[in-house]
Amino acid sequence: MKEMKVDQIPQKRLEGYIRLKFILLSILILMGVAIFLFTDYIAFTYNAMTVKLSGAEVLGSIPYSGSVLFLFYGELMEIFVPTYTIVFAILNVAVPVIYIAYNAFATFKQKKSDKISGYILIGYGAVLVIFYVILLTGNFVKAEDPDGQILTFYKLYELKATFLAYALILVLTGAIQSFVRPESIEGVKRYLFFYAVLIIPTILILLFNVYPSLLQTILAFKNYKLSDGIWGSVWNGLDNFRYIFSDPKMLMVIWQTIYLSVLRLIAGVIPPVIFALVFYHITNKYVRGAIQTIVYIPHFFSWVVIYAVLSNFLTPNGLINNVLVNVFHADKIDFLSRQDLFYPIMIWSSIWKEVGWGTILYTASLMGVDKTLYEAAAIDGAGVFTKLWKITLPALVPVLVYQVIMAIGNILKGAGGEQILIFATSAVRENKALVIDTWLYWEGLKDIKYGLSAAISFVQAVIGFFMVIGAHKLSKKLVGIGAW
């Protein structure tokens, strides 16, 4: 059944859809206002006591110049809610009221769905999110404690997560208002069953993907304590991030992560391309199949198995040392404990394990090259290297570009933490083996530095995102091919 166009929908039915959209969005935004007014909007912590204020209580402090009284160990204390939080409390009620009033007029008088008010809601919701981030990270935002001392806002106050939820509801309402047309309800009615089926997967994604990501982001700005939990731990602004980019040890960890990731990037691109070219030019299918199988097998071994195999060669009692001592009468070498040999062992073992698997994509690309191109080139007098440069390598460029862009985005996570955790000995654990992934395990988890660990993961994600976008744009500009 074809979808009915706008001009094919009867006017009365279209007006009904406009009214239905207005009613549903009004209910949604009123739910957001109710969350803001009747749940915790802001929390004040003084010594060992915490006072939580709802949006309605903050608004109720306006006649008293923002003053709120509370009992502290039997003594009546007075706090002053910062003016800027009161201003946003007023706006959080005023903006939805104006939105509903204006859209009621547009719906029932002008019989249309207004888009501009949706854009305004999106903008205001974005301002609230920025306001939330600034108050909980900015050292320049100040507040006054009951003793009259001026401190950083987040050392005294905390905007609760419900404030952020309210802002997201505004953004969602504005997006639906601006980008969902009333006539789309016709399609929703027609495919209502399929939309209903999506409800459970959507809830699961929000619970197990989106919410944990939000918790990790929040944790990056907290001084986490197990006894207080994530939401109960105190905010520390950007202290975790300042530590990451100022502590000499953390800078060393970041540098070694980037260095080893670049080495693994090179090792993950050049050897597979060479092997793919070799496999492509082997004409005997049985020989090619046998070689490919032998090269592919290590990929299916875990790093534990790979370490067990290599240790039989590289440990002081391994095969290589037995040859050095018994044949060449040399001293034993503890390869895995030598700092100068640790990275070469990581890279060469990585190549041995993954080179066969990495050739699959490149070999598949070469299989799509038209054989007649080589015949035509041979007729024109092209040699082996000319064919390689003009025909074979260009066929690999799309896959090669994609692989490199993805690897660049993984520059802070691609050092091979799992491999290093298994291979590292005590002699290299405090220096060469320290990359971000191993630091998160050895110090972040074991020493319960969860806030700092979350901040590092946040930095990894943000830098990786921008690296992928930048590499994609640069690739499109230089070679005309990107990741998408």
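## Methionine 250 and its contacts

Methionine 250 touches Tyr243, Ile244, Trp439 and Ile456, leaving out residues up to four places away in sequence. Contact here means heavy atoms within 4.5 Å. This is a predicted model: local features need pLDDT of at least 70, side-chain atom pairs count only at pLDDT 80 or more, and totals for chains, interfaces and linings use all residues. Residues are numbered from 1 along each chain as its sequence is written, and side-chain values use heavy atoms, with hydrogens and water left out.

Methionine 250 sits in helix 12. Helices (H or I, at least four residues) and strands (E, at least two) are DSSP runs, numbered from the N terminus. Methionine 250 has 2% relative accessibility, so it counts as buried. Buried means under 20% relative accessible area, exposed over 50%, and partly exposed in between (1.4 Å probe, protein chains only). Methionine 250 and tryptophan 439 are 189 residues apart in sequence. Their C-alpha atoms are 9.0 Å apart in space.

## Helix 18 and its partners

Helix 12 (residues 248-281) packs with helix 18 (residues 384-409) at an angle of about 150 degrees, axes 11 Å apart. That makes helix 12 roughly antiparallel to helix 18. Axes are lines fitted to C-alpha atoms, for helices over the stretch in contact, and angles run from 0 to 180 degrees between N-to-C directions. Angles under 35 degrees count as roughly parallel, over 145 as roughly antiparallel, 65 to 115 as roughly perpendicular and the rest as oblique. The crossing of helix 12 with helix 18 is right-handed. A crossing is right-handed if the near helix is turned clockwise from the far one by less than a right angle, and left-handed if anticlockwise. Helix 12 contributes Leu265, Val269, Val273 and Leu277 to the contact. The helix 18 side includes Leu388, Leu396 and Ile408. The contact residues are 11 nonpolar, one polar and no charged. Ala, Val, Leu, Ile, Met, Phe, Trp, Tyr, Cys and Pro count as nonpolar, Asp, Glu, Lys and Arg as charged, and the others, Gly among them, as polar.

Helix 17 (residues 371-379) also packs with helix 18, at about 150 degrees with axes 11 Å apart. Helix 17 is thus roughly antiparallel to helix 18. Leu373, Tyr374, Ala377 and Ala378 of helix 17 meet Lys387, Ile391 and Thr392 of helix 18. By class, that contact has five nonpolar, one polar and one charged residues.

## Helices 4 and 6

Helix 4 (residues 116-137) and helix 6 (residues 161-179) pack at about 160 degrees, with axes 7 Å apart. That makes helix 4 roughly antiparallel to helix 6. Their crossing is left-handed. The contact has 18 nonpolar, seven polar and no charged residues.

## Nonpolar cores

The largest nonpolar core has 91 residues. Tyr41, Phe342 and Phe423 have the most contacts inside it. A nonpolar core is a set of buried Ala, Val, Leu, Ile, Met, Phe, Trp, Tyr and Cys residues joined through side-chain atoms within 4.5 Å.

## Two exposed residues

Serine 65 lies in the loop between helix 2 (55-60) and strand 3 (67-72). Serine 65 is exposed, at 63% relative accessibility. Its phi is positive, about 60 degrees, although serine 65 is not a glycine. Most residues other than glycine have a negative phi.

Isoleucine 294 is in helix 13 (residues 285-296). Its relative accessible area is 60%, so isoleucine 294 is exposed.
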